[in-house]
Amino acid sequence: MLRRNWFHVLVALAERDLHGSAIAEDVLERTGGELRLWPATLYRALDELVEAGLAEELRGDDHPTGESQRKRYYRVTTEGRRAVAEEARRLEAMAHEARVRLGELA
Amino acid sequence: MSRPPLWFRVLLALLPEDFRRDHGEEMCELAALYAEGRSAPGRALVWARAGLDLLVVAARGRAGVLEGVGRDVRYGTRSLRREPGFALFAVGIVGLGMGASVTVFSVAQALLLRPLPFDEPERLVFVSNGDFGRGQALSAISVQSGQVESLRATATQFIDVGGYHLFDRRGDHTFHLSNGPVRVTRLRVTGNLFDVLGVEPVVGRLFAPEETLDDSPPVVLLTYPAWQRLFSGDRSVIGASVRLDDSSVTVIGVLPPSFDFTEIFLPGSRIDYVAPFPWGERSNRQGNTLAVIGRLSPGATVASAQAEAEAAVIPPADRINRYTPVVRPLRDHLSGGYRPTVLLLVASVALVVLMVCANLSNLLLARGAARKRELSIRAAIGAGRGRLVQQLLTESLILAACGAILGVLVAFNGTRLLASLDLRIPMLGHTRVDGTALGLAVAASAAVALLFGVAPALRGTDVDPNESLKEGARGSSEGPGQSTLRRALVVSQVAIACILLVASTLTARSLVHLLRTDLGYEPVGTIALRIDPSHRFDTEEARVQYLADMLSSTREAPGVEAAGLADMLPMAFNRRWQMRLLDRSDDPVYPFMRLISDGYVDAMGLELLEGRDLSAADVSGTPTVGLVNDVVAGLLWGEESPVGARVRTSGLELEVVGVVRSTRQRSVDQEPGAELFLPIRQVRDHGAIHLLVRGGGPPEDLVAAARAAARSVDADVPLDQAVSLGRVVDTSLAPKRFLVWLLGGFAAFALVLAALGIYAVVSYSVAQRRREIGIHIALGATNELVIRRLVRDSLTMTVLGLAVGLTLARLTAGTLQGFLFGVEATDLLTLVGVAAVLVAVAVAASWIPARRVLAVNPIEAATSARR
């Protein structure tokens, strides 16, 4: 099971490489304003993700063209992708089970 | 973009250094992004939330450090629990000291510091009538409305000037609502007063200019509590017509809940609705009626406003009374008179806090010395000095935190008690412990803990493990420097206790003097019942008949010795009328005027010096008569008898028929003034009246008798506010009594602390000098000799403390004198008494621990070094 914050950060990074604020904005938007990642929590999570090998920090010359050189950009690793996919399946399974029990699905 | 607040940047320092370096800037940017586009409070909330998040993350990252602190706290709690006496005492004195100071600070805040709840309150001024002295006496603050109109017409230094009518009284009117009549209290104001104060209605509107003239259709504003109480906050009452007394009025608006007019201007009373006091000649002719409030123009000063007010005074021919405007800031007028008292309390509580600090320091020093061995052992097994200091400081912080909690509890209850007391002090009811006071308490206790914990901690941990352990068998010892410091602390405590004792004894003696003061009347044994016949009688005959019937039926009631009527009770309202001799152009006098009936003189216990009392025959239609007091007689007639003389007052001509002895009817500590008494059966100028009944029985029986008698005459006349006159006088002394209790409490606390300080030093020195004492005794000194030496030692400290304290008391005598009545601040008896008490306490506090030498076995003590 993937921590909720980690999951959302990795999902934000799944499409393209982003810096911290952009990740936070993406999460906020995607969760309909429900999950606001406060700064210390976000950057702590990014540090931990890098440490766990699920994300990596881009070197300065790898930054997307035209983007700020000052900010730190992050990219999801292959292992990170696998972890997100697995978590997505787990969530799907749980959601499916819930709907079956509620009688929404046969 | 919103910039990170300074405190947020400071918090960043809590994060591990590499984390801060890598992400600090971006964290600020993200929080700023969240804050963008919000209102100021919204932004503050976002930053606060981000700060909280930062704290949580930082705490998780530094769990190791927290663990160390946790260990210290656990260890400290354990070591304090081993000495519960010490811990409880330390927490107790810190708590009481802190509680007292926060309470006094909250009072100072309410009375002197917190802005008045009006728009730009610093620009509000009060214009009083300097011709009648200073202070709160109604005649000194009332102005005739023509003066206000004249000032308004020419004002450049004032944006506007308005006022409120001073002579509206409690429960004088009746709202006839669907569920029955309700007695209500009116306040009349000039139509512009709310604009002057900057008060907006919560519902409806304020008075329109055309509603503030004579004969304009009657409109009223409700106060917020009255709107809630009488109309359940129903908005449809706005614009509705309500029956008030015998006519109907339109409710046009509701004043905001923050507009607590009574608490600010008329503490101890209540206001239900506000009606306009019309501008114009009719109001002007009523004489001095208004308390005047102005709002200064931008750039105007009190001095420039004063000059303008003086220039606008109407010519003598149009004046009904003397008038010299005195402009001063509104807050000065409201609470300026209490400033010295509040400052006295602040100074006293500061002394108490100093004493608490000295005591705590003393305790911690003693404890540090006693724990030297324990610390040496910890140092010997490898604890660094920093570690030991941190440990000791944690202990003082635990003590301070517990003390602060107790202090906050004390302060909350103290302020609640204060605010609920009926002391008639403006804004005292608004006293509460707010964030500032709490912050101050927390900061102060932390400061006390650090300041008074650091020195003992540094001293206590200055241990050389080898040396300490080697001499360990002899127990710890302290150097001469430390002993001098402890003695100096005791001397200062005695000095402080001395000052506080002197101040509290003097104020207490003043109160005793006040209680024994001859008032000129006899309040005990008399009750007063308020009766409101004003709206029940159409004709003068009916009114006079009602008064006569009520008096005679009251006098027939069992237990009643005398009964009379008056329009005002002592110590409450007063009004002054101009009075001069007929056919003479001397300067007029301004006696306090009271409407009374026959029987009043006996019911009050006044002394008739010459002439006759008023009689039941002095009714309208007969020649007007009056009584004067001996002050008026002295002023107008000198040695001659005024009986039979004719005087003119407020449009009346009357004959003086009697002279009574003067009374202290404004307050117990004010000398009697001139007084004039007119027959209530001849002059109708009154609202509600008071039936005064004297009798031998308990006050409740008198009240019941008076009620029954009044009801038997007319069951529908409203009766209320039964009160014994003794109580009225008592209430007027409540603030003074309260000051005595507070100062007495501080002084008692100080005395206990000083005694404990002496006790601690002596018992400590007995413990320290066991060996020396043992040798003395072994060498032939008697126990008595040793005890006497210890007691003498403490007496030396006490005498030094007394010398300092009495000198300071002498130096501050001038300041203190202002609070005293009938006793000099340098009163020898008080000073000697205080000195004697302190010496006695010092002897007792040193003799008890000194007696422990009796338990010293000389051989054992003398040889203990070898064991």
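In this predicted model, 74 Å separate the centres of domain 1 of chain B and domain 4 of chain B, taken over C-alpha atoms. Chain B is divided into domain 1 (1-61), domain 2 (121-337), domain 3 (478-517 + 734-866) and domain 4 (533-717). Chain A has 106 residues, with four helices and three strands. The two chains touch through 14 residues from chain B and 13 residues from chain A.

**Chain A overall**

- The order of elements along the sequence of chain A is α-β-α-α-β-β-α.
- The C-alpha trace of chain A spans about 55 × 30 × 25 Å along its principal axes.
- Buried residues make up 29% of the 106 residues of chain A.
- Taking contacts in chain A between residues at least 6 apart in sequence, 56% join residues at least 24 apart.

**Helix α1(A) against α3(A)**

- Helix α1 (residues 4-15) of chain A packs with helix α3 (residues 39-51) of chain A at an angle of about 80°, and their axes are 10 Å apart.
- Angles of 65 to 115 degrees count as roughly perpendicular, and α1(A) and α3(A) are therefore roughly perpendicular to each other.
- On the α1(A) side the contact is made by A:N5, A:W6 and A:V9, and on the α3(A) side by A:T41, A:A45, A:L46 and A:L49.
- Sorted by class, the contact of α1(A) with α3(A) has five nonpolar residues, two polar residues and no charged residues.

**Helix α1(A) against α4(A)**

- Helix α1(A) also packs with helix α4 (residues 78-102) of chain A, at an angle of about 115° and with the axes 10 Å apart.
- The crossing in which α1(A) passes α4(A) is left-handed.
- From α1(A), the residues making the contact are A:F7, A:L10, A:V11 and A:A14; from α4(A), they are A:G80, A:R81, A:A83, A:V84 and A:E87.
- The contact of α1(A) with α4(A) has six nonpolar, one polar and two charged residues by class.

**Contact between chains A and B**

- Chain B gives 14 residues to the contact and chain A gives 13 residues.
- On the side of chain B that touches chain A, the elements giving two or more residues are α2 (17-35) and α3 (40-61) of chain B.
- Helix α2(B) gives the most to that side of chain B, with nine residues.
- By class, the side of chain B that touches chain A has nine nonpolar, one polar and four charged residues.

**Two residues in chain B**

- B:L743 is found in helix α25 (residues 734-768) of chain B.
- With 22 other C-beta atoms within 10 Å, B:L743 is buried, because 20 or more such atoms make a residue buried.
- Not counting residues up to four places away in sequence, B:L743 touches B:S348, B:A503, B:S504 and B:T507.
- B:L743 and B:A508 are 235 residues apart along the chain, and their C-alpha atoms are separated by 8.9 Å.
- B:T436 lies in helix α17 (residues 435-460) of chain B.
- B:T436 has 13 other C-beta atoms within 10 Å and is partly exposed.

Methods:
Residues numbered from 1 in each chain as written. Chains lettered and ligands numbered in written order. Predicted model: local features only at pLDDT ≥ 70, side-chain atom pairs only at ≥ 80, totals over all residues. Axes fitted to C-alpha atoms, helices over the stretch in contact; angles between N-to-C directions. Parallel < 35°, antiparallel > 145°, perpendicular 65-115°, else oblique. Contact = placed C-beta atoms within 7 Å. Nonpolar A, V, L, I, M, F, W, Y, C, P; charged D, E, K, R; others polar. Left-handed = near helix turned anticlockwise from the far one by under 90°. Buried ≥ 20, exposed ≤ 12 C-beta atoms within 10 Å, placed from the backbone. Domains from an automatic or database assignment.
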